[in-house]
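Before reading on, look through the sequence and the model, and keep asking on what grounds each label is given. The questions below take up a few such labels one at a time.

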Amino acid sequence: MRRMVGTIDSQYHKNINMAIYDLLHNIMLNIDSKTPVCSIYTDMTKAFDYVKHDILLSKLDRYGIRGNVLRLIESYLSNRKQQTEITRICPKSKVQYKYLSDSREVKFGVPQGTVVVPLIFLLYINDLPRQIQQPMVLFADDCTAIVKCTEKVEYEKDINDTLKT
């Protein structure tokens with residue numbers, strides 16, 4: 001039976017200690033039964049920067065977030081622009097030069113620093129465990145898949161398939 005920890009359904013009842021416990025418990029069960037096990041740890045650093053707005057809005061709609069709330073989130077994500085500024089100081093003259101890129105529309109990512117963004121991100125990745133055929137532990141932007149070796153021939157393939165997903 002696959003067990004998912006930290007998905008949006010159970011996120012409010014889990015903390016980092018419970019996520020670690022569930023991960024270690026799953027690994028120890030395999031070790032106790034002398035079944036080789038591989039844990040794939042991923043830290044989705046910068047993952048917030050790769051959220052596709054149209055996919056996020058579609059998922060929010062499927063979760064029942066509609067109407068004014070969905071339009072509010074859509075307006076929060078749309079029409080955002082960013083540009084880069086680089087400051088350079090000439091070593092000889094000590095003159096400061098500023099370079100400013102053109103402003104471009106932000107088509108991916110969610111603005112960070114607000115209370116709602118981690119929840120939005122969890123809704124975005126909530127179906128990840130359904131895509132991977134291995135037990136998973138999700139907590140914030142960390143994800144761990146546990147691949148056990150039931151048949152040695154398939155073990156490496158199972159690990160690679162999990163990584164590709």
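**Labels and their grounds**

Q: Why is Lys98 called exposed?
A: Lys98 has a relative accessible area of 54% in this predicted model, and since exposed means over 50%, Lys98 is therefore counted as exposed.

Q: What makes Glu85 and Lys98 a salt bridge?
A: The side chains of Glu85 and Lys98 come to 3.6 Å, N to O, and the rule asks for a side-chain nitrogen of Lys or Arg within 4 Å of a carboxyl oxygen of Asp or Glu, so the pair qualifies as a salt bridge. Because Glu85 lies in strand β4 (residues 85-89) and Lys98 in strand β5, the pair ties together parts that are 13 residues apart in sequence.

Q: What makes Lys157 and Asp161 a salt bridge, and where do they lie?
A: Their side chains meet at 2.7 Å, N to O, which is within the 4 Å that the rule requires. Lys157 and Asp161 both lie in helix α6 (residues 152-164), where they are 4 residues apart, about one turn of the helix. By this rule the count comes to 4 salt bridges.

Q: Why is Asn30 called buried?
A: Asn30 has 7% relative accessibility, and buried means under 20%, so Asn30 is counted as buried. Asn30 has its place in helix α1 (residues 16-32), and, leaving aside residues up to four places away in sequence, Asn30 touches Thr35, Val37, Ile146 and Lys148.

Q: Why is Tyr97 called partly exposed?
A: Tyr97, found in strand β5 (residues 96-100), has 36% relative accessibility, a value between the limits of 20% and 50%, so partly exposed is the label that applies. Together with Ile86, Val95 and Tyr99, Tyr97 forms a nonpolar patch on the surface, with about 370 Å² of accessible area together.

Terms used
Residues numbered from 1 in each chain as written. Predicted model: local features only at pLDDT ≥ 70, side-chain atom pairs only at ≥ 80, totals over all residues. Heavy atoms only, no water. Patch = residues over 30% accessible without salt bridge, like charges linked within 9 Å, V, L, I, M, F, W, Y side chains within 5 Å. Areas by Shrake-Rupley, 256 points an atom, 1.4 Å probe, with all protein chains shown as cover. Helix = DSSP H or I, 4+ residues; strand = E, 2+ residues; numbered from the N terminus. Buried < 20%, exposed > 50% of the residue type's maximum accessible area, 1.4 Å probe, protein only. Contact = heavy atoms within 4.5 Å.
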